[in-house]
Amino acid sequence: MASAIAYAWFATVVKKIDTVPLIQTPHPDLQLRAENLYALSISGFGDASNGPAELDVLCLDDLPKSSPFPSHRFSLVDHNRLGSQFAKENPNATVVSIVDHHEDEQLYKDTANPRIITVPTGSCASLVADLIHTQSPAGVAIVPELATLLICSIVIDTSGLKPGGKAEDPDRKAMAYLLPRSTFIPAFPTSVTDTGPGTDFNNIPVLKDLTKELKTKKEDVSHMGTRDLLRRDYKENTLTPSGAKDSQIQIGLSSVPIGFKSWIPRDKDFFDAVEGWIKERQLAALVVLTSFSGEKKSKKKSKKKSETTSKGKHKRQLLLVVMDNKDLASKLFPGLEQNSQLQLEERSFEKFGAKKVTGDFRGVLQAKVYKQGNADANRKVVVPIIKGVVEG
């Protein structure tokens with residue numbers, strides 16, 4: 001979201017190309033990401049205290065429904081394949097630029113300029129910031145509120161540039177550029193305004209406070225039911241199965257910050273809600289990726305010393321649900337199970353409160369839940385694996 005808004009500013013102000021940032025999340029669904037609402041609010045894009053309707057952003061559902069889509073020139077930010085809904089009945093649809101940090105799908109090489117796909121990078125916002133930094137002419141400065149919005153995005157994506165985490169050199173370089181130009185300047189001591197890529201950003205007080213606030217808002221999903229959890233951080237991929245080149249299928253991926261052990265028992269409609277979401281989106285399969293900290297364990301060092309609590313480890317789980325496509329199931333389940341990057345270990349649904357080992361689904365062909373041995377394999381890792389298995 002932040003990356004799209006910032007790139008539209010760059011294209012309009014620097015490149016003199018009228019560009020409108022379009023958020024592909026429906027306007028009412030913005031409330032599912034409290035951390036994004038907070039970031040937009042403190043960056044001057046409206047007061048979200050009364051809900052997302054007050055935010056000054058354009059969402060897909062704000063446009064009149066028409067076919068073809070009312071534009072044929074597209075800049076892709078934070079992804080590098082144009083969605084099918086934009087190309088449908090739109091023969092002149094052209095991708096004119098790309099800024100992304102996901103696996104390069106090798107598309108639009110003859111039309112996209114710039115075409116920036118940098119892997120690994122923790123946040124796409126860092127690449128947009130670098131573009132603004134390096135290509136803005138003298139006398140054109142980034143708007144402080146926009147710098148603040150990009151900072152929030154980088155903080156969310158990299159856990160505050162935590163050492164040993166998701167942050168890469170482009171993220172640290174971008175933060176060094178953005179901080180002295182943001183609305184956070186009054187909170188800096190003078191020495192911090194001269195930041196460099198080697199700066200320990202994780203220990204700058206204003207960034208520590210921002211990271212804590214955004215993390216708290218991101219992880220508070222206790223009020224959400226299963227449908228909301230599935231769609232709060234949801235992506236959809238259109239794939240062409242090998243052996244069926246004339247057909248396309250939709251596979252959805254939901255990232256959820258809670259484990260199945262606490263999620264499934266608290267929602268008696270979990271299985272119906274998952275099936276309902278698959279049918280609503282007309283998916284061939286749904287992958288749910290959970291990311292959470294394990295329960296903290298207490299242990300006594302000795303009889304004389306008080307108990308100490310060890311920090312819970314970061315964990316991941318994966319749920320794969322396939323509807324009525326036997327060919328897809330025969331590829332997808334073994335394809336993921338045998339992948340060395342994921343290190344999947346199948347678990348019983350009964351372990352998470354279901355009545356049956358295979359879960360309490362009714363209309364699906366097959367469903368399995370796994371412990372993911374590699375906790376670093378996030379959606380950016382899983383999507384190319386799925387694409388390779390399905391498309392060959």
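Tutor: Let's start with Arg-33, which is buried at a relative accessible area of 14%. Buried here means under 20% relative accessible area, exposed means over 50%, and partly exposed is in between, with a 1.4 Å probe and protein chains only. This is a predicted model, so local features need pLDDT of at least 70 and side-chain atom pairs count only at pLDDT 80 or more, while totals for chains, interfaces and linings use all residues. Numbering runs from 1 along each chain as its sequence is written, and side-chain values use heavy atoms, with hydrogens and water left out.

Arg-33 sits in the loop between α1 (2-14) and α2 (34-42). Leaving aside residues up to four places away in sequence, Arg-33 touches Arg-232 and Asp-233, where contact means heavy atoms within 4.5 Å. The helix and strand names come from DSSP runs numbered from the N terminus: H or I of at least four residues for helices, E of at least two for strands.

Now to the sheet. It is open, has 6 strands in the order β4-β5-β6-β9-β11-β10, and shows mixed pairing; two strands pair if DSSP finds at least two bridges between them. β4 and β10 (344-347) are at the edges with a single partner strand each, so one side of each has no neighbour in the sheet. At the β10 end, 4 bridges link β10 to β11 (residues 366-372), and the two run antiparallel. Leu-344, for instance, has Gln-372 in β11 as its bridge partner.

Next, helix α12 (residues 379-391). With 13 residues, α12 reaches 18 Å from first to last C-alpha, close to the 18 Å expected at 1.5 Å a residue; the expected span is 1.5 Å times one less than the number of residues. At the start of α12, a side-chain oxygen of Asn-378 comes to within 3.2 Å of the backbone nitrogen of Lys-380. The buried residues of α12 include Val-382, Ile-385, Ile-386, Val-389 and Val-390, and Arg-379 and Glu-391 are among them too. The cover over those residues includes β4 (234-239), β5 (249-256), β6 (285-293) and α11 (326-337).

Just past α10, Gln-282 takes a positive phi of about 55°. Most residues other than glycine have a negative phi, and most peptide bonds are trans.

Two loop residues also have positive phi. Glu-89, in the loop between α3 (84-87) and β2, has phi near 55°, and is exposed at a relative accessible area of 52%. Gln-106, in the loop between β2 and β3, has phi of about 65°, and at 46% relative accessibility counts as partly exposed.

Finally, the cis bonds. One joins Asn-113 and Pro-114, with omega about 5°, and another runs from Val-119 to Pro-120, with omega near 5°.

Methods: A polar contact is a pair of N or O atoms within 3.5 Å; within protein, one must be able to donate a hydrogen and the other to accept it, and residues adjacent in sequence count only if both atoms are side-chain atoms.
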